[in-house]
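Here is a short briefing to read beside the structure. Keep the sequence at hand as you go.

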Amino acid sequence: MKIKVVFFLINIQLTFATKAFYILFSNQVTNNSKWPHQLCQNNGVGPQGNECVDATQYENGVFIASPQNVTQDVIKKVKTDVKNSKVVAYFDFGELPLAYNAKECPFCKSHIMGDRAGRNCSTTYQCGPSPFLTKLQTIFPNKYAVHDITHGLPGVMLESYPGLAKNIWHSKNTPLLANFLSEWILDNGFDGIYLDGYVQPSRVNFNQCTLKEEGCQSFMKANHTYDIDGDGVADSSDEIYGSYFAWAPTFVAMLREKIGSDKIILANSAGSISDSSLSGITIEMEACNGDDGSKRCANALNAQKIVTNAIDKKKALSVLWLTHSNTIPATEQCKILHKLQAEYPWVQAGTDFFDGSHITC
Ligand SMILES: [Ca+2]
């Protein structure tokens with residue numbers, strides 16, 4: 001009797017313990033004598049180098065991995081050493097790590113995760129050449145990324161996230177990237193893909209506006225003209241909205257069609273999106289705090305699960321990122337999370353190991 005009770009409690013612990021990890025780099029696996037028990041920020045180098053977690057706690061969970069040098073062998077090693085884990089490739093839905101070009105892309109640095117202060121190649125991850133970057137930069141013509149053509153053609157690309165070139169979905173780059181990424185996922189043995197920045201539509205902003213200081217979040221500045229699709233003809237704000245909302249879900253649907261219903265496709269949506277091509281969404285935990293927050297998260301998670309299950313009997317999987325321990329204490333986040341996981345058992349607890357404020361429960 002007593003033994004049964006103990007097993008029951010252990011089972012509950014395991015159900016609650018399903019976790020996702022963001023973000024894994026190949027050298028943390030292949031060039032790390034302490035793998036899998038000690039997985040450290042930037043593989044132990046730099047200011048965040050002593051921030052470490054035990055990777056075995058992600059059994060049955062998901063690793064989001066930079067496709068940089070994550071080969072079939074690396075994926076196999078992760079899945080062998082961390083039982084029943086899945087490895088999905090990171091992809092930025094709105095920016096591309098294109099090659100440096102003095103005229104067209106002077107800010108481009110070819111770093112997959114970009115070059116934000118405090119989160120770059122010297123602080124957080126290893127950079128350098130990789131087959132993924134080489135292939136991406138070979139197949140993707142510069143003209144298919146957004147250009148500011150105010151001062152003539154070919155124009156200059158736009159930096160939205162530091163070091164990366166702005167990309168808006170259109171009829172030409174959508175099939176091109178869907179083909180490239182689906183082949184990459186299948187050829188390298190990834191379990192799927194993580195689309196960073198495929199967000200709740202209200203967060204998409206292509207209105208022409210003036211200054212960031214005035215709350216202007218859009219890349220489209222007043223008195224500038226933009227070409228998003230490389231035809232040399234300026235595209236208006238309305239045309240860009242039209243193109244994005246036509247082709248963004250189409251890109252996800254094309255990916256799904258190519259990689260199959262058993263693979264994972266996650267959108268870091270920061271809210272509701274209910275796209276039936278997805279396996280699920282990822283949201284930062286702090287968005288689910290309080291009465292308004294729990295209702296918002298319930299809408300996002302429940303509706304997404306229904307549309308995921310409705311098409312091809314796909315398995316639902318979503319993630320709540322535990323982060324910003326400075327705004328909600330870790331113990332409080334873990335308490336909210338366990339409550340949510342009891343209600344939404346398909347939701348994993350996410351470790352955001354990139355922003356320097358990670359929490360594990
Ligand atoms: Ca155009």
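At what angle do helix H5 and helix H6 pack, and how far apart are their axes? H5 (residues 173–188) and H6 (residues 237–259) pack at about 35°, with their axes 9 Å apart. This is a predicted model: local features need pLDDT of at least 70, side-chain atom pairs count only at pLDDT 80 or more, and totals for chains, interfaces and linings use all residues. Residues are numbered from 1 along each chain as its sequence is written. Helices (H or I, at least four residues) and strands (E, at least two) are DSSP runs, numbered from the N terminus.

**Two helices**

- Axes are lines fitted to C-alpha atoms, for helices over the stretch in contact, and angles run from 0 to 180 degrees between N-to-C directions.
- H5 and H6 cross in the right-handed sense. A crossing is right-handed if the near helix is turned clockwise from the far one by less than a right angle, and left-handed if anticlockwise.
- Two residues are in contact if their C-beta atoms, placed from the backbone, lie within 7 Å.
- The contact of H5 with H6 has 11 nonpolar, three polar and one charged residues. Here Ala, Val, Leu, Ile, Met, Phe, Trp, Tyr, Cys and Pro count as nonpolar, Asp, Glu, Lys and Arg as charged, and the others, Gly among them, as polar.

**The nonpolar core**

- In soluble globular proteins, nonpolar side chains tend to be buried together.
- In this model the largest nonpolar core has 92 residues. Such a core is a set of buried Ala, Val, Leu, Ile, Met, Phe, Trp, Tyr and Cys residues joined through C-beta atoms within 7 Å.
- A residue is buried if 20 or more other C-beta atoms lie within 10 Å of its own, exposed if 12 or fewer, and partly exposed in between; these C-beta atoms are placed from the backbone.
- Ile64, Ala65, Val88, Ile193, Leu266 and Leu320 have the most contacts inside the core.
- H6 gives the most to this core, with seven residues.
- Beyond its neighbours within four places in sequence, Ile64 is in contact with residues including Phe21, Val88, Tyr90 and Tyr194.

- Five of the five residues of S10 (residues 192–196) are buried.
- Gly192, Tyr194 and Asp196 cover one side, and Ile193 and Leu195 the other.
- S10 runs parallel to strand S5 (residues 86–92), joined by five bridges. Two strands pair if DSSP finds at least two bridges between them.
- Tyr90 stands opposite Tyr194 in S10.
- Five bridges also join S10 to strand S12 (residues 264–268), again parallel. There, Gly192 stands opposite Ile264.

**A three-stranded sheet**

- S8, S7 and S11 form an open antiparallel sheet, in the order S8-S7-S11.
- Its edge strands are S8 (156–157) and S11 (226–227), and each pairs on one side only.
- Two bridges join S7 (residues 147–148) to S8. Asp148 has Val156 as its bridge partner in S8.

- The peptide bond from Trp35 to Pro36 is cis, with omega near 0°. Pro36 lies in the loop between helix H2 (27–30) and strand S2 (39–40).
- Another cis peptide bond joins Leu153 and Pro154, and Pro154 sits in the loop between S7 and S8.
- Ala270 has a positive phi, near 55°, though not a glycine. Ala270 counts as partly exposed because 19 C-beta neighbours lie inside 10 Å.
- Asp312 also has phi near 55°. Asp312 is exposed, with 12 other C-beta atoms within 10 Å.
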